[in-house]
Amino acid sequence: MKNCTRNILPRRSTLAMALALGMGVSGFAFAQATTGTIFGSAPAAAGETVTVSSNNGVVRTVSVTADGSYTVANLPLGVYTVTLKKDGSVVGQHNNITIHVGAGSQVNFASASAQNAQQLGAVQVTANAMPAIDVTSVSSSTVITAQQLQKLPVGHSAEAIALLSPGAVAGSGFFNNAVSFGGSSVSENAYYVNGYNTAEPYNNIGGFQLPYGSIAQQQTYTGGYSAKYGRSDGGVINQVGKRGTNEWHFGGKISWAPRALSAGGKSIYYPIQTAPEGYTVVNSDKQGTMRRYRGNNKSWETIYSAYVGGPLIEDKLFAFFSVETSKDKYTSVSSNVPPATKSFYSDHTTRTYGKLDWNINANNILELTSLTSDETNGKGSVYNYDYDTMQATDFRNARDAQVTNAKFLIAKYTSYIGDNATLDVTWGRGEFKNYYEYGVQSKLPYIYFPQYQRGGEGKTNVQPRLYTHLPDASNATHGLRADFTYQLGDHKLGIGIDNMYYAAHDQGSLMSGPGYMWMYLPGDPNEPINEGLGVGAPGGDGYYVSKYIVQNVSSMSMEQKAYYIQDVWNVTSNFQLNLGLRNDHFTNYNNKGTAFVDEKNQWEPRLGFSWDVNGDSSLKIYGNAGRYYLALPDSVAVRAANPSIFTNEYFTYNGIDENGIPQNLKPVGGLNGAPAPGPVSSDHETGSDKDPRTVTATDLKAQYQDEFILGFDKTLGNNWVYGAKATYRVLQAAIDDVCDPGSLEAKMTAMGLDTSEYAIDNPGCRIFNPGRTNHFLVARKDGSGYTKVAMSTEDWGFKKGAKRKYYGLDLYLSHPFDGKWMARVDYLFSRSWGNSEGQVRSDIGQSDISKTQDWDSWQLMDHAYGYLPNHRRHQLKARGAYQITPEWLVSGTLRIQSGTPRSCLGYFGTGTTDPIGYGASYHWCHGEPMSPGNNGFTAWTHQLNLGVRYTPAFADHKLAFKLDVFNVLNEQNALQVDPTYVAGKGVVSDTYGMGQYFEQPRYVRLSVSYDY
């Protein structure tokens, strides 16, 4: 079988003042923006120029247009003073204007015809609140600022911040709870820091991020971004770091989550199974007994951080530097399946962030960013554990530690070419090293499923790991993008390029020890072990063992190129159109540098509109329609295009030695008395080279999705905003692999070809678009050429192609922070259904990107149509903070959501067969079809976090003490359950339906910080 490893603007009299002459005031509110915009109205009779100046030394002056509006776009984040001048004299000024990433801040000047420079003191105004409704935005995003992060009880990660957004849910625990947006899989997102792609470069699951205290703003996009950006059909997490200003600031913070205030986990018990007629339950005597003790499974954390920032040369050159180091310690007791152990281990992470900002002159800015991340996870010790005494006993071995080092260097150059044109050029590179510090060096094989040994002996050895990795495994990226924008009358035009390059070296896995493991399994003595691969019945009492080999280490690379054009068109004084077109080109190369995927001319139209219905920003109706293409990451080459080994060889045995190794092996014979088949591979992976011309459909289309959004925002009085947004997403093309040479051979036979002349089994799996007619090249065995074969959905035996649909209706009510309190509530009703989650498969934890066991054959997709793993029908999210006094603030976040669909996987059809040798991997249970969700959903979850913050007046509110309590209710419901119904033919698994991942137990975080 497949390897299953694991913004808004205030009221105004008319939109013409702010939009008609530059509704592009949003300055292209793009997904990975690092800047914002200031715009507004200034009566032409009162002024000629508007100057914006910030505490980061940026000063820009623009002319007021004939009908009294101005726009200053592409401004670095900061706090600005906006000054209106006439004949060089100041006639109006607004102070403390904070801009937000990708958004426009409106600053209007009242009529000043009677004012002059001598009356300057009478016209100063202070403002610092986000406006109520941003009528210039057509996208869906949530911006969380550093000030909000100080107030709210939020986990220290980009993903925890992203989960505040409607439509964002935590993905499977198999993928470290990476985020899913709008029904997409966790590998379909993009991560950016200061404009550069920092997504994990191998699988694209997760990404590297700023030290938590260095986040100036995080923008989480859940849909609707412009043609300037692509390569994501999920969501975008865009972080912008802090920068130096004309005043020196420094500070530090210590956070501590003590073990004594951490609730232990609730223990896991074997479910009580009812075996259907003709079935038995493995280890039926264990039903209802404890599987795993979690009462002492606790963690505690300490985080130290510090920063300093200020001017190296006032108004010219600024620096900001921060460092954050965290140490998380854990204790964990394993299940009582031999060997039962108790582990003491820790994760240690150090992140640094440095930024230089050089204001070359008023029109040119250069920014340099350095980001490093050094992580060591899992280092510690393992002891044997006695479940009778519930105590750890003797030392067993040192734990393996996974080490990841990442370094980024990012440069951005901005040139303001007059009032109407801007050029941005961003270049970056990333270097990644990932390796293991192994606690045990053993040549013994790993023992898998020792609980299924004959007699339940449970013998194992000191080999702690299934897989090993090469010490020089690494990844590298570099990228260049250039964007040019120009205001031409009512049109703000943009063009640009967006190129990235990725390279991976010695990535993949090897088996530990001697290069194989022993896997024990129970079965029916009279039923074939693997019909599809010609492996007969084990005989005897049905117990057998498999010699299991995996080897897929290789190198690969990838190129992603794009260009785009964008137009923000102010059709009327209160109606804006965003028109864009993007073209992406993706190329994946194998270990020899030969392209095996080359996807060209992927045109992505984007259309958005914003209608200020009343002309006063009190009601906005907006919509967005777009097409989004997704690239294949480097890892797709592993097993698909590069040599790999994935074999099983089956034996019966008589005896097990002290290391768990089976004795007196006898190969299991073939079907109908045939000789033993030896090593077999369901995907024909036996280590041979793969021809890059044959592994992929010649007309392969990149995965892409169409998205449609329609919504409105409405003011409610002066301080409230409410609204609704409907989202519909439909997957139009998916990529996976099909591993059914038999159907290909049948088609070639029907074409009149002599199939004995062709290498049909090499490769055993081919990359294709499920649901489309794909064309493949099949090589002649004599090397004389290829024959092209067209394979339709029906030729493979599939009943339908890849389907994934999502709809969601979000209703919200928001009160921005007014100096006293803030609140926001979102309710989302949604549905995600189909037969393709995306590039991964969450129910079994399969991270083989676009090479999951889905679509390997038609039998695996029979009854696969149902609710998808990231489906949550109901979600309620709320966050808020209340300033009780100038010294005391309380805050909270709440996330309530319905459960995920449960799967039931077993043998195929009413006859419970295994036609392709994948074991219990079919959407059938005890001879009945079982689509995902047909047998129910996991429980609802209710996550409540509360915080209190004290900033004493005697320290001028610069010293802060904070207490956060996470999961106040200490709810620990299962987030995911075991979907595999049987352990062998006629044998119900004793862990089917048992929880695999759970809500984190309650814990408390204490912190003290000082900001000078």
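Modeller: First, a term: a disulfide is a pair of cysteine sulfur atoms within 2.5 Å. Keep in mind that this is a predicted model.

Biologist: Which cysteine does a disulfide join to cysteine 904?
Modeller: The cut-off for the sulfur atoms is 2.5 Å. Here the S to S distance is 1.4 Å, so the pair counts under that cut-off. The partner of cysteine 904 is cysteine 925.

Biologist: Where do cysteine 904 and cysteine 925 lie in the chain?
Modeller: The pair links distant parts of the chain, 21 residues apart. Cysteine 904 is in the loop between S50 and S51. Cysteine 925 is in strand S51.

Biologist: Is the disulfide of cysteine 904 and cysteine 925 left-handed or right-handed?
Modeller: Look at the torsion about the S-S bond. It is about -105° for cysteine 904 and cysteine 925. The disulfide is therefore left-handed.

Biologist: Is cysteine 925 buried or exposed?
Modeller: Buried means under 20% relative accessible area. Cysteine 904 has 2% and is buried. Cysteine 925 has a relative accessibility of 0%, so cysteine 925 counts as buried.

Biologist: Which aromatic residue pairs with phenylalanine 908?
Modeller: The pair is edge-to-face, with 5.8 Å centre to centre and 65° between the planes. Phenylalanine 908 is in the loop between strand S50 (888-897) and strand S51 (924-925), and its partner is in strand S51, 16 residues apart. Both are buried. The partner is tryptophan 924.

Biologist: How many disulfides does the structure hold?
Modeller: One joins cysteine 739 to cysteine 765, with S to S 2.0 Å. Another joins cysteine 904 to cysteine 925. With bonded cysteines counted along the chain, the pattern is 1-2, 3-4. The structure holds 2 disulfides.

Biologist: How many residues apart in sequence are the parts that cysteine 739 and cysteine 765 tie together?
Modeller: Cysteine 739 lies in the loop between strand S42 (736-738) and helix H3 (741-750). Cysteine 765 lies in the loop between H3 and strand S43 (766-768). The pair therefore ties together parts that are 26 residues apart.

Biologist: Is the disulfide of cysteine 739 and cysteine 765 left-handed or right-handed?
Modeller: Both cysteines are buried: cysteine 739 at 9% relative accessibility and cysteine 765 at 11%. The torsion about their S-S bond is about 110°. That makes the disulfide right-handed.

Biologist: Which residues touch the most other members of the largest nonpolar core?
Modeller: This core has 34 residues. The elements giving two or more residues to the core are strand S36 (595-612), H3, S43, strand S44 (774-779) and strand S45 (786-791). Apart from it lies another core, of 25 residues, among them Ala33 and Val50. In the largest core, the residues asked for are Phe596, Leu744 and Trp796.

Biologist: Which aromatic cluster includes Trp796?
Modeller: Trp796 was named above for the largest nonpolar core. The aromatic cluster with Trp796 consists of Phe768, Phe776, Trp796, Phe798 and Trp855.

Biologist: How many aromatic pairs does the structure hold?
Modeller: One of them is tyrosine 520 with tyrosine 653, edge-to-face at 5.4 Å centre to centre and 80° between the planes. These two are 133 residues apart, and both are buried. The structure holds 45 aromatic pairs.

Biologist: Is isoleucine 365 buried or exposed?
Modeller: Isoleucine 365 is found in strand S23 (residues 364-386). Its contacts beyond four places in sequence include Val58, Pro76 and Trp358. At 3% relative accessibility, isoleucine 365 counts as buried.

Biologist: What radius of gyration does the chain have?
Modeller: The chain has 5 helices and 59 strands. Its C-alpha atoms fill a box of roughly 105 × 70 × 45 Å along the principal axes. With 1012 residues, a compact globule would have a radius of gyration near 31 Å, which agrees with the value for the chain: 30 Å.

How values were computed: Residues numbered from 1 in each chain as written. Predicted model: local features only at pLDDT ≥ 70, side-chain atom pairs only at ≥ 80, totals over all residues. Heavy atoms only, no water. Helix = DSSP H or I, 4+ residues; strand = E, 2+ residues; numbered from the N terminus. Buried < 20%, exposed > 50% of the residue type's maximum accessible area, 1.4 Å probe, protein only. Contact = heavy atoms within 4.5 Å. Phe/Tyr/Trp six-rings, centres within 6.5 Å; stacked < 30°, edge-to-face > 60°. Core = buried A, V, L, I, M, F, W, Y, C linked by side-chain atoms within 4.5 Å. Rg over C-alpha atoms; globule rule 2.2 N^0.38 Å.
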